Number of protein chains: 2
Amino acid sequence: MSARAKAVVLVSGGLDSTTVLAMARARGFACYTLSFDYGQRHRAELAAAERVSAALGDVEHKVVTLNLDSIGGSALTDLSIAVPEQETEGIPVTYVPARNTVFLSIALGWAEVLGAQDIFIGVNAVDYSGYPDCRPQFIDAFEAMANLATREGVEGRKISVHAPLIDLGKGEIIRAGLELGVDYALTVSCYQATATGLACGRCDSCRLRRAGFEQAGVADPTRYV
Amino acid sequence: MSARAKAVVLVSGGLDSTTVLAMARARGFACYTLSFDYGQRHRAELAAAERVSAALGDVEHKVVTLNLDSIGGSALTDLSIAVPEQETEGIPVTYVPARNTVFLSIALGWAEVLGAQDIFIGVNAVDYSGYPDCRPQFIDAFEAMANLATREGVEGRKISVHAPLIDLGKGEIIRAGLELGVDYALTVSCYQATATGLACGRCDSCRLRRAGFEQAGVADPTRYV
């Protein structure tokens, strides 16, 4: 790369997307980080997203507001649906309908405005909790659609959607991030984190995260309630 | 259909999407209409969207707020970029990056919540002003992606994205709508309509609309400034 190529990186403030941001930066991209205020109950993740973006040298961090809670259908945006604290069968109630599709679509719009051809997302098919939009075939289909949806596609500049964690286990993700200097104490993964970012230690996301630090053989820096 | 099947219909308040809503209703769908407050300069279209949804018997009309203006890049959301009043070459500045992708994605999320398998959008490849996301190959690619993105897709209930206007000229659209009883006086198409819905008569959208009424051989009910 001569002048640094730009990439849009979806950053939630959690462990996975923070690792992806470190990976995109290590590959030399000028990173434009994008977060969403979509009515999620775990508001502490927005503060974490801003923190990790700054810590990992983003060029610009943008928060797009979007009232996904108005369509409902998920424990993450509907306070009347409880976050489960045991493993469940099938697609769990924490699944937010079409969330990754919506987030990638807005990332695609920003990429077009920036002239960026690369979009990074921290989806993961191993510890993916049964969410349909975390599977590799979804990412491939989104990329194909993106190349037909945009000015870039029409003019022959290929848009790539990178999901570098897709085949990694949580322990491998953490090891990769630590090698790139990620400070996981800055991140918040809990679905029901307190306003100051304390984790419940019991939801799906907390269980996967805690197991990841065990697998990686490193101390868990998470602050629990 | 036994109990009426549900459909999510994207409704902007303009001529095309209003016709699509009438078509979806004529096909027997229980219509859930979706509009966006995305920072567009033509605010009168939101009032028109509500008006036409009620007039055409929607079950529910929802407005999702989304600050697409924060990513910029279009004359429709950036007041510092003028709306062109002559025909231009290539993709015009009124193109909103990835707009249809974003709108369809949110429609997909609502469809999942509702248990609807049908989404209607008023894109049109004839008078499409050079927007990449109005082409049939884009709609097909979006539908393929949608079937991998969602619970419905995973569980084998196919999601269909209908674009019934895709091959029609503006005159044909108007004739089809009039046969279904659409009152086009309720609709607003102008990119720079006044707050009360008066059209400029000079932008791309006004020119296509006015020519459409001429092609259809009917009086133009548009109120111009």
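The contact between the two chains takes 37 residues from chain A and 37 residues from chain B. Two residues are in contact if their C-beta atoms, placed from the backbone, lie within 7 Å. On the side of chain A that touches chain B, four elements each supply at least two residues: strand S3 (60-65), helix H3 (99-114), helix H4 (136-149) and helix H5 (151-154). H3(A) gives the most, with nine residues. Helices (H or I, at least four residues) and strands (E, at least two) are DSSP runs, numbered from the N terminus.

This is a predicted model, in which local features need pLDDT of at least 70 and side-chain atom pairs count only at pLDDT 80 or more, while totals for chains, interfaces and linings use all residues. Residues are numbered from 1 along each chain as its sequence is written, and chains are lettered from A and ligands numbered from 1 in the order in which they are written.

Now look at the sheet. Chain A has an open sheet of five strands in the order S3-S2-S1-S4-S5, with parallel pairing. Two strands pair if DSSP finds at least two bridges between them. The edge strands are S3 and strand S5 (160-162) of chain A; each pairs on one side only. From one strand to the next, the twist averages 25 degrees. Angles run from 0 to 180 degrees between N-to-C directions, and axes are lines fitted to C-alpha atoms, for helices over the stretch in contact.

Strand S1 (residues 6-10) and strand S2 (residues 30-37) of chain A run parallel, joined by five bridges. Ala7(A) has Cys31(A) in S2(A) as its bridge partner. Helix H1 (residues 15-26) of chain A packs on the sheet. H1 touches S1, S2 and strand S4 (118-120) of chain A, and its direction makes about 170 degrees with that of S1(A).

Return to H3(A). This helix lies across S1, S2, S3, S4 and S5 of chain A, at about 160 degrees to S1(A). H3(A) is largely enclosed by the rest of the structure, because 14 of its 16 residues are buried. A residue is buried if 20 or more other C-beta atoms, placed from the backbone, lie within 10 Å of its own. After H3(A) comes Gly115(A), whose phi is positive, near 75 degrees.

One residue of H3(A) is Ile106(A). Ile106(A) counts as buried because it has 27 C-beta neighbours inside 10 Å. Not counting residues up to four places away in sequence, Ile106(A) touches Leu34(A), Val64(A) and Val102(B). Ile106(A) and Val64(A) are 42 residues apart in sequence, yet 8.6 Å apart in space, C-alpha to C-alpha.

Terms used: Buried ≥ 20, exposed ≤ 12 C-beta atoms within 10 Å, placed from the backbone.
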